[in-house]
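Hi there,

Please have a look at it before you read on.

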Amino acid sequence: LAMGVVALAVTAWGIALAVASPSAFWSSEGILGSSTPLTWLGIVSAMAAATAVALRSAVGARRAPTG
């Protein structure tokens, strides 16, 4: 649940930055001077994938037989 909340928060942060300060969002201030939007999309994608893996593992652990 926490991973999903953080992924949504980072997504909202990126959208808010794009609206509030487009010049900062569309700059090249990302990781190692790369494109900020591409860096942000990469981070959001990785977080979404990690959240999906964690959710799948949690559901699988709940369904596993005990004992």
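A quick definition to start with: a residue is buried under 20% relative accessible area, exposed over 50%, and partly exposed in between, using a 1.4 Å probe and the protein chains only. Ile31 is exposed because its relative accessibility is 54%.

Now for the ground rules. This is a predicted model, in which local features need pLDDT of at least 70 and side-chain atom pairs count only at pLDDT 80 or more, while totals for chains, interfaces and linings use all residues. Residues are numbered from 1 along each chain as its sequence is written, and side-chain values use heavy atoms, with hydrogens and water left out.

**Overall picture**

The protein has three helices and zero strands, in the order α-α-α from the N terminus. Both kinds of element are DSSP runs numbered from the N terminus: helices are H or I with at least four residues, strands are E with at least two. Along the principal axes, the C-alpha atoms fill a box of roughly 55 × 25 × 10 Å.

Buried residues make up 19% of the 67 residues. The protein exposes about 5000 Å², with carbon and sulfur atoms supplying 73% of that area. Accessible areas come from the Shrake-Rupley method with a 1.4 Å probe, and for residues only the protein chains shown count as cover. Among contacts with a separation of 6 or more, 44% are between residues 24 or more positions apart; contact means heavy atoms within 4.5 Å.

Val6 is partly exposed because its relative accessibility is 43%, and Val10 is partly exposed because its value is 22%. Which residues does Val10 touch, not counting those up to four places away in sequence? They are Trp40, Ile43, Val44 and Met47. For Val6 and Met47, the distance is 8.3 Å at 41 residues apart.

**The loop between H2 and H3**

Leu32 lies in the loop between helix H2 (22-25) and helix H3 (36-63), and Ile31 lies in the loop between H2 and H3 too. Leu32 has a phi near 55°, which is positive although the residue is not glycine. Leu32 counts as exposed because its relative accessibility is 87%.

Ile31, Leu32 and Ile43 make a nonpolar surface patch of about 350 Å². Patches take residues with over 30% relative accessible area and no salt bridge, joining like charges within 9 Å and nonpolar side chains (Val, Leu, Ile, Met, Phe, Trp, Tyr) within 5 Å. A salt bridge is a side-chain nitrogen of Lys or Arg within 4 Å of a carboxyl oxygen of Asp or Glu.

Thr39, in helix H3, is buried because its relative accessibility is 14%. Leaving out residues up to four places away in sequence, Thr39 touches Gly30, Ile31 and Ser34. The side chains of Thr39 and Ser34 are joined by a polar contact of 2.9 Å. Such a contact is a pair of N or O atoms within 3.5 Å; within protein, one must be able to donate a hydrogen and the other to accept it, and residues adjacent in sequence count only if both atoms are side-chain atoms.

Best wishes
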